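Colleague: I would like to go through the labels on this model and hear what stands behind each of them.
Modeller: Go ahead; here it is.

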Amino acid sequence: MVSNGGRPNLEPLEFNLNVLEEAFSKLKRSIWVFHLNTGSCNGCDIEVLDVLTPYFDVERFGIKLVGSPRHADLILLTGPVTIKTISKVVRAIKAMPRPRLVLALGSCGVGGGIWFNTYATLGGYPNLEKILKEAGVEVDKVVYVPGCPVRPEAIIYGAAVLLGLLQPKSKHRRVTAVES
Amino acid sequence: MEALAIALLSLLLMSILSFLPPLLDGIERKVRAKIQSRIGPPTLFQTWYDLLKLGVKELKIPISGESAAFLIILSLLVTLMSLYAVVYVVLTLTTNVDLIVLAMFLVLVAASHSLGLVASATTSNPFALIGSYRSILLTVLNELGLVVGSFFSILSGLRLVTNYSISTLIIYLSSLAILLIATYVSSGRLPFDIHEAEPELASGILIEFSGKLLGFYIYTHLLMRYVLSLLVAIALATPFITSLPTLLVVFPMSLLLSMCFYLAYGVVAALLGRTRVDIGVRTLFTYYLLVLIVLVIFTWIGI
């Protein structure tokens, strides 16, 4: 138990590997998602909403949209992570109970898109991951789903890859941009 | 020996009935999906899978919400007690309706609702508190309907058996209408699903709960939904109390009737649209006022 400004802090609880494995096995049948926009153009967000409509009906895979990160197992992250949103994004991901999963959606979520090196954005999830590590926020699994905007079928496929139900279709190699 | 047999039978019945509500919720989700031209959850046990998943998730205690865990567990225990009370009423239905047990049942239902609401008000999240206050207002108004509806419907139903009159029949039907509205609202379905609707506005009473805590809260809520469906089944069976066959027929029939009500409420919820959350209380008050006027007039005529 750690003291937190005089108040006894009951969290974080130790989440050992065995519990994590068990939790992953349970997640395969029921996964609750939270939609987190980190400053996207709304193209991917419309596709995320598309996934949740009766046409694609992700409830048939046990996927359900929730309104609070406390209830979520998976964050659908869209946008290149603008500087203004960093603190809110970190708090939202930290609010999730473990195991925490992230699906980085769209070109912006994957690597910043056309805003990969601007002054106003972080350049997608990979750079956010470094900040999360510095803040001591552990993310258990990440899958990148590229596309501009990302296709609804790709989002569903990405969720299946994340849960280990399917294999990824391609492998990625991260490159660093060279400033001229 | 007889006491032991009754205890074992009660334990068996309670185990079966405790397992039932999440399964009924799974069926309701499947029916709702069918109405909306979807496939819906992969299995009827989906709600059970959701609850089991919540059981292995990390428990994050909200700031100043340490007492929430205790209150939610207490609420679950009180709900289980109310289930036992209502099962006792069903088991003795062929002889008479025990009004003392019925009164105790209503106190337990009110206690379960209050504990859940107090648990939601323990967090320091101001948005969760806004949702809690809305929910408290709705629950306080609805408890009135629940008490009036259940007592009047069962008492007038018993009176119909011995002394049939048109005014008693109207009292019975209007109080049954109140009971139907009250149980529907208590079940937290559209448009009275404040605890579920408000997380979408980031101000619901559930917003800070996670893991096992959320799982217990959801399970308690589903159990309460079923308990109230069983109460409606009892109120419907009361006027036919003398012509009821043996317990072996009455008990399964009551369970079947309660399941039908549970699913019928789900179908009604799927057909209704979501309104503004603050309109819920006003709409409910108007409904109650109209039916209560009818009830008071005919009770006065009956006297």
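**Labels and their grounds**

Modeller: This is a predicted model. Leaving aside neighbours within four places in sequence, B:Leu295 is in contact with B:Phe152, B:Ile171, B:Ser174 and B:Ser175. B:Leu295 itself sits in helix 10 (residues 279-302) of chain B.

Colleague: Why is B:Leu295 called buried?

Modeller: B:Leu295 has 23 other C-beta atoms within 10 Å. The label buried requires 20 or more, so B:Leu295 is buried.

Colleague: How far is B:Leu295 from B:Leu71 in sequence and in space?

Modeller: They are 224 residues apart in sequence, and 37 Å apart from C-alpha to C-alpha.

Colleague: Why does B:Ile181 count as partly exposed?

Modeller: B:Ile181 has 19 C-beta neighbours inside 10 Å. Neighbours within four places in sequence aside, B:Ile181 is in contact with B:Gly145 and B:Tyr287.

Colleague: What makes helix 2 of chain A roughly perpendicular to helix 6 of chain A?

Modeller: The axes of helix 2 (residues 43-52) and helix 6 (residues 152-162) of chain A come within 9 Å and cross at roughly 70°. Angles of 65 to 115 degrees count as roughly perpendicular, so helix 2 of chain A is given that label relative to helix 6 of chain A.

Colleague: Which residues make that contact?

Modeller: Helix 2 of chain A brings A:Glu47, A:Val48, A:Asp50 and A:Val51, and helix 6 of chain A brings A:Pro152, A:Ile155 and A:Ile156. By class, five residues are nonpolar, none is polar and two are charged.

Colleague: How do you know that the span of helix 9 of chain B is close to the expected one?

Modeller: Helix 9 (residues 247-271) of chain B has 25 residues and reaches 36 Å from its first C-alpha to its last. The expected span is 1.5 Å times one less than the number of residues, so the figure to set it against is 36 Å.

Colleague: Which residues of helix 9 of chain B are buried, and what covers them?

Modeller: B:Ser254, B:Leu255, B:Ser258, B:Phe261, B:Tyr262, B:Tyr265 and B:Gly266 are buried. The cover includes helix 1 (2-35), helix 3 (66-91), helix 6 (166-186) and helix 8 of chain B.

Colleague: How many residues are in the largest nonpolar core, and where does its largest share come from?

Modeller: The largest nonpolar core has 69 residues, and B:Val86, B:Val227 and B:Ile234 have the most contacts inside it. Helix 8 (residues 211-237) of chain B supplies the largest share, 19 residues. Apart from neighbours within four places in sequence, B:Ile234 is in contact with B:Val89, B:Val90, B:Leu93 and B:Ser254. A second, separate core of 39 residues includes A:Ala23, A:Ile31, A:Val48 and A:Ile155.

Colleague: What does the contact between the chains take from each of them?

Modeller: It takes 29 residues from chain B and 24 residues from chain A. On the side of chain B, helix 2 (46-56) and helix 8 are the elements that give two or more residues, and helix 2 of chain B gives the most, with six residues.

Methods:
Residues numbered from 1 in each chain as written. Chains lettered and ligands numbered in written order. Predicted model: local features only at pLDDT ≥ 70, side-chain atom pairs only at ≥ 80, totals over all residues. Axes fitted to C-alpha atoms, helices over the stretch in contact; angles between N-to-C directions. Helix = DSSP H or I, 4+ residues; strand = E, 2+ residues; numbered from the N terminus. Parallel < 35°, antiparallel > 145°, perpendicular 65-115°, else oblique. Contact = placed C-beta atoms within 7 Å. Nonpolar A, V, L, I, M, F, W, Y, C, P; charged D, E, K, R; others polar. Core = buried A, V, L, I, M, F, W, Y, C linked by C-beta atoms within 7 Å. Buried ≥ 20, exposed ≤ 12 C-beta atoms within 10 Å, placed from the backbone.
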